[in-house]
Amino acid sequence: MLTTTKLQEIYETDYLEWLSITIEQLQTAQFEQIDRKHLLEELEDLGKEQRRKVDSYLRQLLIHLLLYAYWEEEKDYCAKGWETEIDNFRFELELLLKSKVLYNYFLEEVDTIYPKARRQVVKKTELPPERFPEICPFMASNLLDPDFLP
């Protein structure tokens with residue numbers, strides 16, 4: 001039987017071994033031996049990582065929708081590529097948003113992420129900021145609709 005101290009040492013030296021042991025302990029209800037400290041850290045980090053992914057895919061989706069909708073000068077050359085990227089980011093979001101918690105997080109973050117996406121589009125296109133709406137012009141349902149293009 002491994003002690004909590006030994007498990008903490010394993011965590012520092014061989015993460016995959018620690019993970020394997022912790023999974024086995026959970027499966028066999030060996031709750032007293034579990035390295036709670038690191039398990040809690042890992043669970044918290046997992047939640048943060050999932051939210052970071054939502055933020056990243058949402059930002060990229062918004063960027064490409066803005067490019068598609070407002071960069072008329074490049075649309076003839078880039079539209080197909082932008083459509084492909086839009087589809088890719090929607091697909092990734094769809095996978096993440098099967099979680100109700102992450103879906104609700106997505107809904108809350110659209111207005112926070114949009115200005116960042118807008119700023120990146122202005123920088124990329126070198127177009128006047130006035131060309132792009134200050135408030136997100138897309139409804140959440142549009143963002144996730146595989147058939148919606150602005």
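## Close-up views of a predicted helical model

**View 1. Thr-22 in helix α2.** Thr-22 is placed in helix α2, which spans residues 15–27; helices here are DSSP runs of H or I with at least four residues, strands are runs of E with at least two, and both are numbered from the N terminus. The structure is a predicted model, in which local features need pLDDT of at least 70 and side-chain atom pairs count only at pLDDT 80 or more, while totals for chains, interfaces and linings use all residues. Residues are numbered from 1 along each chain as its sequence is written, and side-chain values use heavy atoms, with hydrogens and water left out. Thr-22 has a relative accessibility of 2% and therefore counts as buried (buried is under 20% relative accessible area, exposed over 50% and partly exposed in between, with a 1.4 Å probe and protein chains only). Between the C-alpha atoms of Thr-22 and Ile-113 the distance is 36 Å, with 91 residues of separation in sequence.

**View 2. Aromatic residues Tyr-11, Tyr-15 and Trp-18.** These residues, Tyr-11, Tyr-15 and Trp-18, make up one aromatic cluster. Rings of Phe, Tyr and Trp (its six-membered ring) are paired if their centres lie within 6.5 Å; planes under 30 degrees apart are stacked, over 60 edge-to-face, and the rest tilted. The count by this rule is eight aromatic pairs. One of them joins Tyr-11 and Tyr-15 in an edge-to-face arrangement, at 5.9 Å centre to centre and with 75 degrees between the planes. Tyr-11 is buried, at 16% relative accessible area, whereas Tyr-15 is partly exposed, at 34%.

**View 3. The pair Trp-71 and Trp-82.** The ring centres of Trp-71 and Trp-82 are 6.1 Å apart and their planes lie at 20 degrees, so this pair is stacked. Trp-71 belongs to the loop between α3 (36–70) and α4 (72–96), and Trp-82 to helix α4; the pair, eleven residues apart, links distant parts of the chain. Both Trp-71 and Trp-82 are buried.

**View 4. Packing of α3 against α4.** The axes of α3 and α4 come within 8 Å and cross at roughly 155 degrees; axes are lines fitted to C-alpha atoms, for helices over the stretch in contact, with angles from 0 to 180 degrees between N-to-C directions. Helices α3 and α4 are therefore roughly antiparallel (over 145 degrees; under 35 is roughly parallel, 65 to 115 roughly perpendicular and the rest oblique). Their crossing is left-handed, a term for a near helix turned anticlockwise from the far one by less than a right angle, clockwise being right-handed. The contact of α3 with α4 comprises 15 nonpolar, three polar and seven charged residues; Ala, Val, Leu, Ile, Met, Phe, Trp, Tyr, Cys and Pro are classed as nonpolar, Asp, Glu, Lys and Arg as charged, and the others, Gly among them, as polar.

**View 5. Lys-75 and the ring of Tyr-68.** Lys-75 lies over the face of Tyr-68, at 4.1 Å from the ring centre. This label requires NZ of Lys or CZ of Arg within 6 Å of the ring centre and within 35 degrees of the ring normal.

View 6. Ala-29, a residue other than glycine, has a positive phi near 55 degrees. Ala-29 occupies the loop between α2 and α3 and is partly exposed, at 46% relative accessible area. Glu-126 likewise has a positive phi, near 60 degrees. Glu-126 sits in the loop between α5 (100–125) and α6 (140–144) and counts as exposed, at 72% relative accessibility.
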